[in-house]
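Please walk me through this structure, one part at a time.

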Amino acid sequence: MSAEKYMIDDYELVVGLEVHVELATATKLFSASANRFGDEPNTHIDPVTLGLPGALPVLNRQAVELAMRIGLALNCTVQPCTFHRKNYFYPDMPKAYQISQYDQPLNIDGWLELPGGKRIGVERAHLEEDTGKSTHIGGTGGRIHGSDYSLIDFNRAGVPLVEIVGRPDIASPDEARQYVTELRQILVAVGASDAKMEEGSMRCDANVSVRKAGQPLGTRCEIKNVNSVRSLGRAIEYEARRQIALIDSGERVRQETRHWDETDGRTHTLRTKEDADDYRYFLEPDPAGPRDVVDRSGEGRLADVAA
Amino acid sequence: MAIPSTASSIAESVRRGERTATEILESYLANIERREKDIHAFNLVTTEQARAMAAKVDADVAAGRDPGALAGVPIALKDNMCTRGVPTTCSSRILEGWKPPYDATVVTRLAAAGAVFVGKTNLDEFAMGSSTENSAFGVTHNPHDTSRVAGGSSGGSAAAVAAEFAAASLGSDTGGSIRQPAALCGVVGVKPTYGTVSRYGLVAFASSLDQIGPFTTDVRDSALLLEVMSGHDPLDSTSIPQPPLSLMSSLDQDVKGLRIGRITDLPGGSDPEVEARVAEAFAALAAAGATIVDVELPSMKYGLTAYYLIAPAEASSNLARYDGVRYGLRVESSDTNSMYGATRAAGFGDEVKRRIMLGTYALSAGYYDAYYGKALKVRRLISDDFARAYQKADVIITPTSPIVAFPVGAKVDDPLSMYLCDVFTIPTNLAGHPAMSVPFGTGADGLPVGVQVLAPTLGEAAMFRVAAQLERSAPGGAR
């Protein structure tokens with residue numbers, strides 16, 4: 001590969017990737033229902049998965065172990081951690097909050113090495129639960145807005161996820177593709193996930209901004225709905241060119257979340273920063289002693305969790 | 001021969017074959033038939049299910065099988081505990097008609113011990129209140145004076161025991177919701193150490209504070225129920241990994257040598273007659289050989305404020321799931337967001353809405369540190385205060401409620417005065433400690449007064465020793 005810096009016109013790219021991977025556990029993150037893709041809808045459900053009144057989460061030890069493997073494989077510090085609630089309403093999220101990690105994630109400060117030797121920083125890799133899956137019937141584009149009705153499959157709800165937040169060290173579409181390809185191989189090699197982007201067991205969001213050399217960081221946009229390594233490269237390049245065109249024509253890049261459309265090869269506004277949610281994070285009072293899940297030696301061993 | 005009136009004597013007579021579970025049940029059902037219309041303790045009386053459960057106990061006895069430690073004991077369940085196939089409403093329109101597909105762990109354990117469930121009792125909606133007036137299905141009245149409230153939020157469960165609609169009942173206690181109605185209805189009510197009784201299947205109000213406990217007519221019955229209900233539950237990660245409590249042997253021990261704490265800086269404002277009964281309780285314990293020691297709890301006065309940030313914050317999250325998508329009430333609307341709004345506006349009562357708004361605000365970006373974060377610090381200070389106090393004392397005695405049962409409607413328009421009902425009970429929940437209310441004579445208008453016994457984490461044995469002594473020393477003598 002070329003050592004020459006990737007540039008579009010005289011702009012350089014600053015890209016950080018957020019990758020969600022579904023863990024290859026036998027059961028869900030907080031309940032005994034099977035973690036299986038592709039079965040009849042709503043066959044792997046239980047009171048916890050459905051968020052029924054009175055149901056309580058019980059942490060899946062195997063999920064913690066697999067998440068720790070990811071942390072160690074990505075050269076992270078594996079540390080005592082806590083769970084928080086991320087509160088927001090969405091029809092396929094049964095409790096109206098997601099149990100996730102906030103200020104004390106399991107894995108922090110790692111890196112992944114690209115084939116050419118460049119290290120891409122990993123800020124954190126934390127555990128959280130997946131949502132259900134909505135299918136919107138009627139209307140256009142499979143979106144909830146304008147649809148006639150929606151069907152929800154809760155088989156995916158509560159499936160353990162690790163969100164791997166990369167630092168904005170990626171400088172080209174090609175590096176982004178390499179990062180994801182390399183990450184995928186690591187995840188499969190350590191047995192943490194089958195990491196299939198097509199089936200959604202690995203999902204990638206890209207934060208993209210551009211700047212002229214030596215200038216401060218530009219305003220970034222987050223690109224969602226990227227479903228293959230190839231689309232990832234295309235989406236980043238399209239988005240970079242879009243931002244450059246805006247800046248060159250004297251306009252401003254607005255901070256927003258954008259949706260990659262595979263068919264027209266463009267990104268489209270999904271929501272702007274102005275309607276950003278306040279998730280009202282607070283320490284999850286239900287899974288007991290999440291601090292005690294990992295021992296305090298920092299060596300990444302599981303502490304003896306009382307049976 | 002009269003029908004026995006305590007859970008332990010009922011179980012004993014059924015186990016020995018002296019009485020059938022069915023005849024005992026019918027006598028309690030007759031009480032319900034006679035007085036329930038004036039009391040409204042129940043959201044639902046499960047007559048047929050109760051008869052089937054009693055018949056099974058009788059069949060076990062006839063066949064020589066062990067019918068369990070609570071054989072034939074009629075028990076009422078607060079209507080925020082999940083019962084498979086039986087409506088569980090939390091006294092809220094938003095859950096009206098919902099039938100859980102599963103049983104709460106306590107329900108499973110009591111049933112396995114031979115208990116007979118007579119019904120689901122009324123409560124303040126989602127357990128938010130101190131009078132059982134915040135129910136979507138009507139007010140519960142105090143059996144001692146039906147113009148008065150039964151207390152809350154477990155008012156239905158307290159009234160059910162006081163009116164002899166059940167020999168025992170279960171409540172949940174987040175800030176006093178077992179102890180305060182127990183005091184107002186003249187029965188025993190226990191909030192055990194947080195994590196002693198499984199919360200699996202208890203509809204959450206404030207997860208870090210909620211705890212299930214019994215209402216009974218005497219101290220021994222509460223010990224019996226706790227022995228059956230407590231012990232580790234793998235379905236509740238906050239359940240303490242330990243065997244069930246063993247309390248029966250504490251009941252017959254005297255209090256010689258125990259150090260009883262008196263809080264010198266206890267918030268004032270209690271009824272003079274309530275204060276007089278508590279003074280008599282201290283005197284009775286001293287006369288029985290205990291030592292009275294002074295303790296200070298300087299942070300206690302902030303407990304109420306901290307509680308009304310922490311509990312609503314957790315509630316705002318716990319109650320977010322009632323969105324009309326999967327179960328319970330749905331008010332149709334043009335899109336999802338307006339459906340959520342319309343459903344929640346129609347489904348929740350005023351007090352629940354008030355607390356959801358308080359809690360949402362307290363957790364919001366920019367306000368978290370000033371409200372929720374600060375309340376958590378107060379919670380820590382209160383725990384530290386208790387830790388210091390329990391170096392000097394084995395248990396602490398206070399009034400359970402500053403006042404006796406008040407007239408229905410007296411406080412409904414004044415939430416702050418209602419919240420003050422729980423000033424003595426709330427610190428216990430913030431610390432996760434056990435506490436119980438024991439009837440101790442009467443106050444204004446001849447209404448019951450409860451004395452509260454507080455103990456440190458897992459200090460139930462000493463707590464029950466003292467409670468049993470108070471029961472023996474109570475004005476009017478032991479039952």
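Start with A:Thr25. Leaving aside residues up to four places away in sequence, A:Thr25 touches A:Asn35, A:Asn60, A:Gln62, A:Ala63, A:Leu66 and A:Pro160. This is a predicted model, so read every contact as a prediction. A:Thr25 sits in the loop between β2 and α1 (61-73) of chain A. Is A:Thr25 buried or exposed? A:Thr25 is buried, because 21 other C-beta atoms lie within 10 Å and the cut-off for burial is 20 or more. A:Arg258 gives a sense of distance. A:Thr25 and A:Arg258 are 233 residues apart in sequence, and their C-alpha atoms are 31 Å apart in space.

Strand β2 of chain A covers residues 11-22. Its partner here is strand β11 of chain A, residues 202-212. The two run antiparallel and share 11 bridges. One of the pairs is A:Leu13 with A:Val210, which lies in β11(A). β11(A) also pairs with strand β12 of chain A, residues 221-226. That pairing is antiparallel too, over 4 bridges. Here A:Cys204 has A:Val226 in β12(A) as its bridge partner.

Another part of chain A holds an open sheet. It has 3 strands, in the order β5-β4-β15, with antiparallel pairing. Which strands stand at the edges? They are β5 (97-100) and β15 (282-283) of chain A. Each has a single partner strand, so one side of each is left without a neighbour in the sheet. Strand β4 of chain A, residues 84-87, pairs with β5(A) over 4 bridges in the antiparallel sense. In this pairing, A:Ile99 of β5(A) stands opposite A:Arg85.

Take chain A as a whole. Its secondary structure comes to 3 helices and 15 strands. Its C-alpha atoms fill a box of roughly 60 × 50 × 35 Å along the principal axes. Its radius of gyration is 20 Å; a compact globule of 307 residues would have one near 19 Å, so the two agree. Of those 307 residues, 42% are buried. Take the contacts in chain A with a separation of 6 or more: 69% of them join residues 24 or more positions apart.

How confident is the predictor about chain A? Its pLDDT averages 90, and 91% of the residues score at least 70. Over residues 289-307 of chain A, however, the pLDDT is below 50. Beyond near neighbours in sequence, that stretch still has 34 contacts in the model.

Turn to chain B. It has 15 helices and 13 strands. Its C-alpha atoms fill a box of roughly 65 × 55 × 45 Å, again along the principal axes. A compact globule of 479 residues would have a radius of gyration near 23 Å; chain B has 21 Å, which agrees. Of the 479 residues, 62% count as buried. Among contacts in chain B between residues at least 6 apart in sequence, 76% join residues at least 24 apart. The mean pLDDT is 96 in chain B, and 99% of its residues reach 70 or more.

One helix of chain B deserves a look. Helix α2 of chain B spans residues 21-39 and bends by about 40 degrees at B:Glu33. Which residues in α2(B) are buried? They are B:Ala21, B:Ile24, B:Leu25, B:Tyr28, B:Leu29, B:Ile32 and B:Ile39. An α-helix has 3.6 residues a turn, so residues three or four places apart point the same way. Just after α2(B) comes B:His40, with a positive phi of about 55 degrees.

Last, bring the chains together. The contact takes 34 residues from chain B and 27 residues from chain A. Three elements of chain B give two or more residues to its side: α9 (303-318), α10 (336-347) and α11 (350-363). The largest share, 3 residues, comes from α9(B). By class, the side of chain B that touches chain A has 19 nonpolar, 9 polar and 6 charged residues. For the complex, the predictor gives an ipTM of 0.95 and a pTM of 0.95.

How values were computed
Residues numbered from 1 in each chain as written. Chains lettered and ligands numbered in written order. Predicted model: local features only at pLDDT ≥ 70, side-chain atom pairs only at ≥ 80, totals over all residues. Pairing = 2+ DSSP bridges. Contact = placed C-beta atoms within 7 Å. Nonpolar A, V, L, I, M, F, W, Y, C, P; charged D, E, K, R; others polar. Bend = angle between axes of the 7 residues up to and from the residue. Buried ≥ 20, exposed ≤ 12 C-beta atoms within 10 Å, placed from the backbone. pLDDT = per-residue confidence, 0-100. Rg over C-alpha atoms; globule rule 2.2 N^0.38 Å.
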